Amino acid sequence: MASSTMGTSTTEALSERSFVRLGGLAGILLALGSLAAVAIYYTLVPAAQQLPVTDAKTYLASLAQDSSGTLLFQGVYAFIAFCALVGIIATHFRVRQLGEAWAFFATLVGTIAAAGTVLSSVYQFANLQYLAAHPTIGQQAAATFDAPSPVNPLGVMGFALTAIWFLVIGLFFLRGVNQPRLLGVLALVAFADLVAGFAASIAGNQTIMIGAALIAGAVGGPIFWLWQGLRLWRDA
């Protein structure tokens, strides 16, 4: 009986360690993917398709002519969100001893945000692919293509819920024993940036919203997840 129990515990420990290591790999890939997404956006996405869109007809005409850069960007963004889903769950196993209830709450909110962002990106990819394949769809498309996402309205997934996860994790790192306080500070900076992006989204200020997304995607997010990914990989 004791041997059987020990064997089960060892299997569970190995399974948990392998997932935490997978989370570390996901964090590293997320950091690299975020930088790649920013590079793709500013090098492969035509200027007429970059946000904010000022002329819907010009945007649609450009999309019909060459949609590869925009579709690639959306595909990479979906991959990033999936990596975040894995990394968030793996992080749960490293912070749950600091506060089980708050760790569970943060993980629940974070996984909803990541899964919602994956769905939003896939929806946007499919929608843009459809618009690019039907350039004569006309005025109706011009009036509705930039409508709020049914999966991520006002950036509630990418901004608001993700900000809550960063807030709780940042406080864990700041107040926990033997935790990287500088990483906690970085998480709180990411929280502030995402809150600003969400507020700008509600106010309809696309300039600030895009700026906040750029800071999160090109600076804060990659640094945080590269560091956290390496920690998860090492600690596993």
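Of the 35 residues in the largest nonpolar core, those touching the most other members are W165, F166, I169, F224 and W225. The elements that each contribute two or more residues to this core are α1 (2-43), α3, α4, α6 (156-175), α7 (181-203) and α8 (206-235). The structure is a predicted model.

**Nonpolar cores**

- Leaving out residues up to four places away in sequence, F224 touches W165, F166, I169, F173, L183, L186 and A187.
- Another core, of eight residues, lies apart from the largest one; V53, L60, L128 and L131 are among its members.
- In soluble globular proteins, nonpolar side chains tend to be buried together.

**Packing of α3 and α4**

- Helix α3 spans residues 68-95 and helix α4 spans residues 100-133.
- The axes of α3 and α4 come within 9 Å and cross at roughly 170 degrees.
- Because angles over 145 degrees count as roughly antiparallel, α3 is roughly antiparallel to α4.
- The crossing of α3 and α4 is left-handed.
- Sorted by class, the residues in the contact of α3 with α4 are 17 nonpolar, eleven polar and one charged.

**Q179 in the loop between α6 and α7**

- Q179 is located in the loop that lies between α6 and α7.
- Q179 has a relative accessible area of 14% and is therefore buried, the cut-off for this class being under 20%.
- Apart from neighbours within four places in sequence, the contacts of Q179 are L98, F172, F173 and R231.

Notes
Residues are numbered from 1 along each chain as its sequence is written. This is a predicted model: local features need pLDDT of at least 70, side-chain atom pairs count only at pLDDT 80 or more; totals for chains, interfaces and linings use all residues. Side-chain values use heavy atoms; hydrogens and water are left out. Axes are lines fitted to C-alpha atoms, for helices over the stretch in contact, and angles run from 0 to 180 degrees between N-to-C directions. Helices (H or I, at least four residues) and strands (E, at least two) are DSSP runs, numbered from the N terminus. Angles under 35 degrees count as roughly parallel, over 145 as roughly antiparallel, 65 to 115 as roughly perpendicular and the rest as oblique. A crossing is left-handed if the near helix is turned anticlockwise from the far one by less than a right angle, and right-handed if clockwise. Ala, Val, Leu, Ile, Met, Phe, Trp, Tyr, Cys and Pro count as nonpolar, Asp, Glu, Lys and Arg as charged, and the others, Gly among them, as polar. A nonpolar core is a set of buried Ala, Val, Leu, Ile, Met, Phe, Trp, Tyr and Cys residues joined through side-chain atoms within 4.5 Å. Buried means under 20% relative accessible area, exposed over 50%, partly exposed in between (1.4 Å probe, protein chains only). Contact means heavy atoms within 4.5 Å.
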